[in-house]
Amino acid sequence: MRQRQRWGHGTALILTLLILAAAYGLEYVGGMEPCPLCMVQRLVFAALAVVFLLGFLHGAPFWGRYFYGVLGALVAATGIGVASRHLWLQSLPPEEVPACGPGLDYMVDAFPITEVITMVLAGSGECAEVHEVFGLTLPGWTLAGYALLGLWALWICRRPR
């Protein structure tokens with residue numbers, strides 16, 4: 001059972017790291033500057049990678065498999081919420097798009113973290129810009145990634161037959 005847990009978490013960890021590598025590749029090679037919501041989505045993927053890494057290292061049987069499975073699914077659900085908010089902002093008509101705000105680095109330096117979270121989730125003009133990769137917007141890809149990784153996390157914790 002431990003081997004199956006490690007295999008599942010290791011596979012999910014590799015997939016999560018590939019998603020992060022693709023995001024950084026689009027930024028540094030493709031020249032796409034990430035908006036604040038994109039940065040938050042990257043942080044959620046990083047948190048998901050940590051959960052999968054811990055699950056891989058621990059290889060927990062019994063209760064541990066449920067702990068890592070549920071924790072991974074909760075982190076993925078957080079990502080689904082952020083990606084959904086991003087997709088909603090992109091679907092707004094141009095006249096309803098919020099004004100562009102300060103960058104995430106400035107917000108973190110200048111405001112308390114609770115206010116930063118509120119401002120980032122409210123969105124800004126740069127978050128409404130639509131960039132497509134293979135016909136799907138970037139938040140659409142991240143939403144799919146979170147959904148698949150969240151389901152994978154729950155699949156890992158199922159009872160063996």
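Reader: Which residues does His9 touch, not counting residues up to four places away in sequence?

Author: Phe52, Gly55, Phe56, Tyr68 and Ile156 are the residues that His9 touches, with those up to four places away in sequence not counted. Contact means heavy atoms within 4.5 Å. This is a predicted model, in which local features need pLDDT of at least 70 and side-chain atom pairs count only at pLDDT 80 or more, while totals for chains, interfaces and linings use all residues. Residues are numbered from 1 along each chain as its sequence is written, and side-chain values use heavy atoms, with hydrogens and water left out.

Reader: Why does His9 count as buried?

Author: Its relative accessibility is 2%. Buried means under 20% relative accessible area, exposed means over 50%, and partly exposed lies in between (1.4 Å probe, protein chains only). His9 is therefore buried. His9 lies in helix H1.

Reader: How many helices and strands does the protein chain have?

Author: There are 6 helices and 2 strands. Both are DSSP runs, numbered from the N terminus: helices are H or I with at least four residues, strands are E with at least two. Along the sequence the order is α-α-α-α-α-β-β-α. Of the 161 residues of the protein chain, 38% count as buried. Contacts with a separation of 6 or more are 83% between residues 24 or more positions apart.

Reader: What makes a nonpolar core, and which residues touch the most other members of the largest one?

Author: A nonpolar core is a set of buried Ala, Val, Leu, Ile, Met, Phe, Trp, Tyr and Cys residues joined through side-chain atoms within 4.5 Å. The largest has 25 residues, and Leu37, Leu48, Phe52, Val120, Tyr146 and Leu149 touch the most other members. Helix H1 (2-28), helix H2 (36-58), H3, helix H5 (113-122) and helix H6 (138-156) each supply at least two residues. H2 gives the largest share, 8 residues. In soluble globular proteins, nonpolar side chains tend to be buried together.

Reader: How many aromatic pairs are found, and why is the Tyr24 and Tyr28 pair called stacked?

Author: The whole structure holds 6 aromatic pairs. The centres of the Tyr24 and Tyr28 rings are 6.3 Å apart, and their planes meet at 10°. Rings of Phe, Tyr and Trp (its six-membered ring) pair if their centres lie within 6.5 Å; planes under 30 degrees apart are stacked, over 60 edge-to-face, and the rest tilted.

Reader: How exposed are Tyr24 and Tyr28?

Author: Tyr24 has a relative accessible area of 38%, so Tyr24 is partly exposed. Tyr28 has 61%, so Tyr28 is exposed.

Reader: What makes Phe45 and Tyr146 a stacked pair?

Author: Their rings are 4.1 Å apart centre to centre, with 15° between the planes. Elsewhere, Trp7, Trp152 and Trp155 form one aromatic cluster.

Reader: How do you know that Glu27 forms a salt bridge with Arg42?

Author: Their closest N and O atoms are 2.6 Å apart. A salt bridge is a side-chain nitrogen of Lys or Arg within 4 Å of a carboxyl oxygen of Asp or Glu. The distance qualifies. A search of the whole structure finds 1 salt bridge. Both Glu27 and Arg42 are buried.

Reader: What makes Phe62, Trp63, Phe67 and Leu71 a patch?

Author: Patches are made of residues with over 30% relative accessible area and no salt bridge; like charges are joined within 9 Å, nonpolar side chains (Val, Leu, Ile, Met, Phe, Trp, Tyr) within 5 Å. Phe62 has 58% relative accessible area and is exposed. Trp63, at 61%, counts as exposed. Together the four residues form a nonpolar patch on the surface with about 480 Å² of accessible area. Areas come from the Shrake-Rupley method with a 1.4 Å probe; for residues, only the protein chains shown count as cover. Phe62 sits in the loop between H2 and H3, while Trp63 lies in helix H3 (residues 63-91).

Reader: Why does Glu129 count as partly exposed?

Author: Glu129 has 45% relative accessibility, which falls between the buried and exposed limits. Glu129 is in the loop between H5 and strand S1 (132-133).
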